[in-house]
Amino acid sequence: MQYDHMKKAGKSKMQNIISSFFRGIFRTLREWEIMHYKKRKRQKLENRDFTIIASNCNGTFMYYDMDLPYLSPTINLSIGMDDFIKMVENLQWYMEQEIVLSSGPEAYPIGMLGDVRIQFVHYETFEEGVRQWNERKKRINWDNLFIIGTQKDGCTYETLKKFDQLPYENKVIFTKEEYPEFQSAHYMKGFEAEEELGVLTDYKKPFFLRRYLDDFDYVSFLNQK
């Protein structure tokens, strides 16, 4: 009995070693693949001095994946779509305003930029969020702007219509269904049954590390092609 128990224990240990070995290989291959995937995308990017004004972190991840400096204040934060449209309609004026502390039920800091509510979702303190905002807004390339919205955070059909009418040549709003009547709308598959578009920066595949955001060819978008 003792011998059989030791034999089973040894077999189980060997299985764990083998399993751990193959998990390590899997992780290594996956990391190698995503590294080269991003490298190929970076090599295709011709336009490298641009400002993305985005309603949430989609713009942040484009900068991050392309290994570029953040030339935008809208990094690691979120703005409701109606407020976002209001801001970009008069962007230069809003960039001259100071952000003041506000409050809400959220666990993260909230600020008011005039009448626009800024949600500093990835900042520990209000002060840190404002400091980063003020530093990065100085880097805005006003001659190379890209406006990115998302069909969530209170985005109605009327909101989509207003976004499509914004006076910017380079703009896109990600949607959970097709809107052929809006030139700026880009349908992102996988969220048709949801009330609003999901988190596009989430990974959707276990081996090939691809975000939902990767379904949009943002390199061509930023290259203005």
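**Contacts, a helix and a pocket**

Modeller: Start with L222. Setting aside neighbours within four places in sequence, L222 is in contact with L45, N47, F50, I52 and F146. Keep in mind that this is a predicted model.

Colleague: Which helix is L222 found in?
Modeller: Helix α7, which covers residues 218-222.

Colleague: And is L222 buried or exposed?
Modeller: Buried. The relative accessible area of L222 is 0%, and the cut-off for buried is under 20%, so L222 counts as buried.

Colleague: How far apart are L222 and K171?
Modeller: In space, 9.9 Å, C-alpha to C-alpha. In sequence, L222 and K171 are 51 residues apart.

Colleague: New topic. How many residues of helix α2 are buried?
Modeller: 6 of its 8 residues, so α2 is mostly covered by the under 20% cut-off. The helix runs over residues 58-65.

Colleague: Which ones in α2 are buried?
Modeller: N58, G59, T60, M62, Y63 and D65.

Colleague: What follows α2?
Modeller: D67 does, and the phi of D67 is positive, near 55°.

Colleague: What is the lining like by class?
Modeller: The largest pocket is lined by 8 polar, 6 nonpolar and 2 charged residues.

Technical notes:
Residues numbered from 1 in each chain as written. Predicted model: local features only at pLDDT ≥ 70, side-chain atom pairs only at ≥ 80, totals over all residues. Heavy atoms only, no water. Buried < 20%, exposed > 50% of the residue type's maximum accessible area, 1.4 Å probe, protein only. Helix = DSSP H or I, 4+ residues; strand = E, 2+ residues; numbered from the N terminus. Nonpolar A, V, L, I, M, F, W, Y, C, P; charged D, E, K, R; others polar. Contact = heavy atoms within 4.5 Å.
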